[in-house]
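These are my notes from going through the model. I looked up one contact surface at a time, then one chain and one residue.

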Amino acid sequence: MTLSATVPARRRRTAPRALRRFFGHKLALLGLGIVLFLTIACVVGPYLLPYDELYIDLRARFAPPGTGAHILGTDPLGRDIAARLFQAGQVSMAIGFAVMIIATALGSVIGVLSGYYGGYVAAILMRIVDAFLSFPSVFLLLALAAFLKPGPAMIALIIAATSWMEVARIVEAEVKSLKNRDFVQAAQMLGLSGRWIMFRELLPNAIGPIIVAATLIVARAILLEAYISFLGYGIQPPVPSWGNMLNGAQQYLGQAPWLAIVPGIAITLAVTGFNFIGDGLRDAFDSRSGGR
Amino acid sequence: MLRYLLSRLGQSAILLLIVSCVGFCVLSLAPGGPLSQFALSPGMTQEQLTRIADQMGLNRPLPVQYMDWLSHLLRGDWGVSYRDGQPVLAIIQRHLFATLLLMGTSTAIAIVLGSAIGIASAVRRGGIFDHTMTVMSMVALSIPTFWFGLVAIYVFSLNLGWLPSGGMYAVGNGSLADYLHHLIMPALVLALVDVAIWSRYMRTSTLNVVHQDFVRTARAKGLTRRRVLMKHILGNSLVPMITLAGLQLPVILGGALVTETVFTWPGMGRLFLDSLGYSDYPVVMGLLMASALLVVVGSLAADLIVALIDPRIRLN
Amino acid sequence: MPNPPPPEVVLSMKGLSIVLPGLRDRPHAVRDVSLDLRMGEILCIIGESGSGKSVTASAIMGLLPDAMRVEGGQVLFRGTDLLTLPEARMRTLRGKSVSIIFQDPLSALNPLMTIGAQIREVLDAHHIGTIEGRAARVVEMLTEVGLPDPPAIQHQYPFRLSGGQRQRVMIAMALALDPDILIADEPTTALDVTTQAQILSLIRAIQRRKGMSVLFITHDFGVVADIADRVVVMEKGLVVEQGDAAQVLRAPAHAYTRKLIAAVPGLRDADRPRDTEKPVVLEVRNLCKTYRTRSGFLSRVREVRAVDDISFTLRKGETLGIVGESGSGKSSMGKVLMKLIPADGGEIRFQGENTVALTEDAFRPLRPRIQMIFQDPYASLNPRFTVGQALTVGPVAHARLTRTAARRKAQEVLGMVGLDASAFDRYPHEFSGGQRQRVGIARALMFDPEVIVADEAVSALDVSIQAQVLDLLNDIQRRTRLAMVFITHDLRVASQICDDVLVMHRGRMVEYGPPSQIFRAPRHAYTRSLVDAIPGRAA
Amino acid sequence: MTEHHDRPLNPARRRTLMLLGAAGGAMMAPSVLGRSAAFAQGAPSGQIILGFSQEPTVFNPLMPHIEVDDGIYYAIFDPLFDFDPDGQLFPILVTEVPTVANGGISEDGLTWRIRLKEGVTWHDGTPFTAADVKFTFELPVNPDFRSFRTTGYALMRDITVVSPTELTWTMTKPFAPLAGVLASTFIVPAHPFEGQDPNAAPFNNAPIGTGPFKWGERMAGDHILLTANANYHGEGPHLERLIIRYIPDLNVMYTQFKAGDIDVIGLQYITPDHLTEAEGLPGVATEVAGTGSFESFALNMQRPQFKDLAVRQALYAALDKTSIIDALYYGVPTPTETYMPQQSAFFNPDLPPHAFSIEKANQLLDDAGWARGAGGIREKDGVRLAFTNSTTAGNHLREQAQQFIQQTFAEIGVEMTISNLPPAVMWGDYWMNSEFDTVVVGMNQLSGADPDTTNYHRSSASPALGGAGQNTLAYQNPRVDELLDAGAASFDPDQRREIYRELQAVIRDDLPFLPMFQYAVVKGWKEEVTGPAPNVNNRIDSWNVRDWRRG
């Protein structure tokens, strides 16, 4: 009584299916396009431009976009904005990704531990999460930034320190509900270790919400870097970041608006791109959205 | 219910203790200090600075300082500011009013407008309105607030001259109309982000509800779409939003910080920034405690409201 | 096929076709469905999951999901085609002329409104009567469906009621305006067998009293036998047979109908032949499990005794059935046996050890000896693992087999449960429910265990699949001589496979004995009520 | 006091006055110099909103405070006498400024006598007497009081109230800078402190003075409202209300000035990059005015790199001051070679002028044996010419200058890394205990118009070397110490001028800091406001707020 194993899928939450949904999501594709475009531009761009992003030429200050080879103009020190924009993009996006990796990893571990063990472990871990959450993130950022030397790596760490809690909460909730699913009990029945169950069985099944949170964290990190710069605790000159470019442009709004418009658009584009991707992923992983 | 409240309060107390301890250590161990602002004054000497530090008790061991601060706090004494000698509690109360005015207005706008947009998008999921709003809210969420604020000032204050460029009221005026006049721009700038957030959450929350069976039941009863929406969908999709609003509080506070700076709004965010800049520990600690307290109260209030609305939770 | 509709036909469906959106396994949800609902009859639509019976009901109400589209056909209600009716007109018919009740009464009620308010809403929506009149009608309806203390209960919220009570509320709501037609979409599937019997008799009674027409949707021929005047059999969106209920049951014309009827487990009250001196593999003495829940950190602890002083003996090659309604503690029992949750007291003697006293680490080496089959074939397989990974991870982790040996073993076991060896590299979602349950069984067999605990292992399956899986389990048990604890709420299933039956009620064992005793001469009143409530017994 | 001598207006001051004339139009500055009776005393009317980018928070002038707090003190309190823009003292609460010539100071500088004006009352109506002055002099040395400074007061002995309007005291040693100290000492009343902890007296948050304006209300974080003191003992005030608004961001403050929301843009002023735009604003007067502060590239003299004079000279030669001033600062500040404001009588105009030359810088380093090593960075005896440079984070123009300097230094094989810090960190131990390598800093090293800088330049004033003072560069030069001691002990103006000019020359040769420019700020006010006038000898421009008027 062998049954052929070819009956088509009837449901649920699987990577290929989510991927298919994602690629059917116009906004998500647009977001992906934007992010890819920006990434490529920032990586390749510097090689295509005749200027070094740090080279100061006071004679060429405040050149508007399109002046000679300065396609996006120059800044108050006569540096090429395009060159700076691409370098800054590398820095800002690197910060975004670094924050994503650190925050996601930390949040996932905390979340899975407290979701799986519950009881006192969860009580302690989730109180820590609550404590971090009850510092408004900008407060925490500034308090930390005031005391640590703000290089890109440190900024990434600081932003990550204020971003992991959401992941932890998401993972905790997800794991708590997955924990009661039969396949986890099945794994326990097979005598698999707690670590195996947590990281091989539970975590991969929470990957959907984690990925969604991760993309949104990238978006938020890029914005937060800009906020820290705006409030004067950002990355040190002369290293450019989108945030400190925008911040330095404030006082020239009337005189040289392109100084602010260029990085402003870059930030908005990048953040929008990641937000679109996150939104697309959310829909793709949401089992409900496919209807039935 | 009372037991529940007591237990929540107990947990909150522990939470506040952790926050205060961590906050105090981070602040006090950091380089710099409240006296550095005087260092550049003509005639100031290190000797003099040390003398002042001694008088202010800043040279005592950290645990002693913390316990001293804590014991005063427990007796309701939040200390006095290093900068102007005012009681911290009074300072915070004054700034809290400004922040709540700004936040309250923008949150009210956000709740009404955001909920309406969210529901409308969810009910006609995939329609033109939904797509437009999705794109718009994503973009709104992606624009740095300060950038948007500066552009708004540039346009509405400098070029058009319609609105004041900052402040909460014109000194010596302070009429309701004057407050409103000053409130419009910062509240709208802040609300832009809030509306975007709320409409997204509301959309998700509503989508979770519209597919539930009881909505089908309501329609099967012969109710109009409008009544189904107002009576069955709205209530149920608002429940998770209330919890979210409680959790959202620190985010809103943080957002207000930037907006307050751009519009010179004398709220908690500005106070925090200034106090941090001057290492005014009592005020910074007071603000930390106040915001942690707000968070605790916010989430407790959210839970209580949910319990009031949702009988399932009320009776557990 | 259908004659011209006789005058007493209330609702007539003609050639209804509904298109499924997107790329599905079939283009139509239902195709060319025609049926007549006559005045004062109960018409049952029966079919397995995915047969299109619920879609048909939604189409009548005009409540199809947005994604589905009517391609053709008519639904004539007193001569009007409901499918072409504008929404505003259709709305006035809903609840007043045509009402519906759903499968899950909890999710079908708004959790934030009292039940009284929800019933009154029907009256409000159609502007019936005065305000006082409506209030009185609500109480009247609650009385009519047999809810206790209607004036008080109308102020309760749905979650405070039991499943049966909620379904009564739904019925009250549906009947508030004395509709001509009541559509009941699997109204008893989510309920316990005794509750099901009560609800069925309630529907029947009201239908008779009011002389209305009922369109009753079910997958259970037992229910059909109990309630139907006429029956329509659907398979994959098509009507394959319709006619008088008694006649279809007695002499089914279509092969599919025959298959369905054959698969309905009958109640066997004969004992299975048994050798007396088989060795004991599992001995349970005075087992207890109490759940303590507290809502907060200072609040009072609430205790629920899920397993209360249960003892039994399981011998090699035999099957013990544990039956009971939901909340009887039977599932907790299974989990305690597996040490998935800790016991509070008593002994489980297995392999010479009292496993209750063992730590998780000490018990781990014993785990391969006792395995479990889970209820939900979808939830019990990790969707991220291939079948091969799911089968081999256990033996490899226990270092009992090498990877290659595990693979060989897995393919062998897959053959044993009737799956193709190619299943090894596939993901669970590529399989049907029945096939997945076979994978679940294969996983349990990978260790050659002595005992298998099957927790509602066939409850989630369609009846035709259920029969196959039961056969498979019987077959395996015959070949491997393993002992089985078979947990189920379905007495008919238990009677098919068990050597002994243990009846649980609120955590306590109310009766324990061979099927002949339990089903033929139940000693305990509770057992008797269970047996009496089995649908289709009358037939 | 001392500096009664004629000297020509120096060019910078002439420019100041010209600009002032341009701004004030035909009306000319009213009573820039002291108490002119040219304007009839009308009833105070109208209000002025004065914007500050820092918040005044300390209202007891004897407690530790910052520059911006002085802005309030000038409105509420009076000093005994004050410096006018020429560095001359003019009396306010005294009948005449004490000098050796008029007998107020004894020949040996040890005995002082002041006579107070009659009929002056505090805002609360209490009469102002010599006892209040005595209290003001004694409070700073009270060990229980959190006092701003003790310099000068600590030398006073036997303070005697001779009569309600006369006070005498003796000094333990001659101390010429005391006049400068007193000019910045605001007299506080004794009676609100009776029976109070002076650190927490209600007075500290509701000050009572003898000044032209009375304390109104304070909205912390936003503004302070002051109202006219109708019984002011001098001329003025001409305004009904003075509102001091706090606008924390320079850019926002300028925007609000531009939008007309503030009438006078105060401390931190208009950033130079907005000068051109501000000059074009209708209805607005702007003025570039020199201040007592100078910008320098300060070196930590304890660092091995900077012990070699050749390195310091080379760095100075590689500092493109002209580009920085003309391009980045829009030509607003004036290049300088010293810490002394060019308006001061003690300014040494003969210091060797700086010349930007990469070649010369390279030559100096080559000659001194600093050879280019890895990455093109020069090194000698294992010491690399690499260092960090810090300043207060968020100062845009200075950060631009830093980056520009970084580039020119790189051309001579010097690696400079920028590491900016928030103010509370920057000016804490990092600065006071000389933990920095180099710093770009703007400082005013004088108190008032007195040229004494012992606190900044004497070896004994370096905290990092165990001293007390603000010699945070840890600069040590025995000749400097000698000159400072001699200058502080002398009351002879000519002698003092020689001493301090030599001091400037020594420091210019030594280059413990690379002087960049003397600060000038862009002040702005609405044309209908008259009164604001620069005064290089004061820290803040509300020094003559009693003269301000509207229309």
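**Chain B against chain D**

I began with the contact between two chains, where 47 residues of chain B touch 60 residues of chain D. The model is a predicted one, and I read every entry below with that in mind.

I looked up the area next. Chain B and chain D bury about 4,300 Å² between them, and carbon and sulfur atoms account for 55% of that area.

How many salt bridges are there between chain B and chain D? I found two salt bridges in the count. I noted one of the pairs: Arg83(B) and Glu55(D) meet through their side chains, with an N to O distance of 3.4 Å. That distance passes as a salt bridge because the cut-off is 4 Å. I then checked polar contacts, and the rule gives twelve residue pairs across the interface of chain B and chain D, both residues of each pair being at pLDDT 80 or more.

Two or more residues come from each of helix H2 (46–56), helix H4 (88–123), helix H6 (145–159), helix H9 (225–262) and helix H10 (268–277) of chain B. Which of them gives the most to the side that touches chain D? I have H2(B) down for that, with eight residues. By class, I noted 19 nonpolar, 21 polar and seven charged residues on the side of chain B that touches chain D.

**The two domains of chain C**

I turned to chain C, which is split into domain 1 (41–62 + 87–263) and domain 2 (280–532). Domain 1 of chain C puts twelve residues into the contact, and domain 2 of chain C puts in ten residues. I also noted that the C-alpha centres of the two domains of chain C are 34 Å apart.

The area buried between domain 1 and domain 2 of chain C came out at about 970 Å², with 48% of it from carbon and sulfur atoms.

I looked for charge pairs and found one salt bridge across the interface of the two domains of chain C. I wrote down the pair Asp220(C) and Arg492(C), whose side chains form a salt bridge at 3.5 Å, N to O.

On the side of domain 1 of chain C that touches domain 2, helix H7 (193–210) and helix H10 (255–263) each supply at least two residues. I sorted this side of domain 1 of chain C by class and got three nonpolar, five polar and four charged residues.

**Chain A and one of its leucines**

I listed the secondary structure of chain A as twelve helices and zero strands. Chain A has 292 residues, and 60% of them are buried. I also looked at contacts in chain A between residues at least 6 apart in sequence, and 71% of these join residues at least 24 apart.

I picked Leu29(A), which sits in helix H2 (residues 26–48) of chain A. Is Leu29(A) buried, exposed or partly exposed? I have Leu29(A) as partly exposed, because its relative accessibility is 35%, and that class lies between 20% and 50%. Leaving aside neighbours within four places in sequence, I found Leu29(A) in contact with Phe22(A) and Phe23(A).

Terms used: Residues are numbered from 1 along each chain as its sequence is written. Chains are lettered from A and ligands numbered from 1 in the order in which they are written. This is a predicted model: local features need pLDDT of at least 70, side-chain atom pairs count only at pLDDT 80 or more; totals for chains, interfaces and linings use all residues. Side-chain values use heavy atoms; hydrogens and water are left out. Domain bounds come from an automatic or database domain assignment. Contact means heavy atoms within 4.5 Å. Buried area is the accessible area (1.4 Å probe) that two parts lose on being put together, summed over both. Helices (H or I, at least four residues) and strands (E, at least two) are DSSP runs, numbered from the N terminus. Ala, Val, Leu, Ile, Met, Phe, Trp, Tyr, Cys and Pro count as nonpolar, Asp, Glu, Lys and Arg as charged, and the others, Gly among them, as polar. Buried means under 20% relative accessible area, exposed over 50%, partly exposed in between (1.4 Å probe, protein chains only). A polar contact is a pair of N or O atoms within 3.5 Å; within protein, one must be able to donate a hydrogen and the other to accept it, and residues adjacent in sequence count only if both atoms are side-chain atoms.
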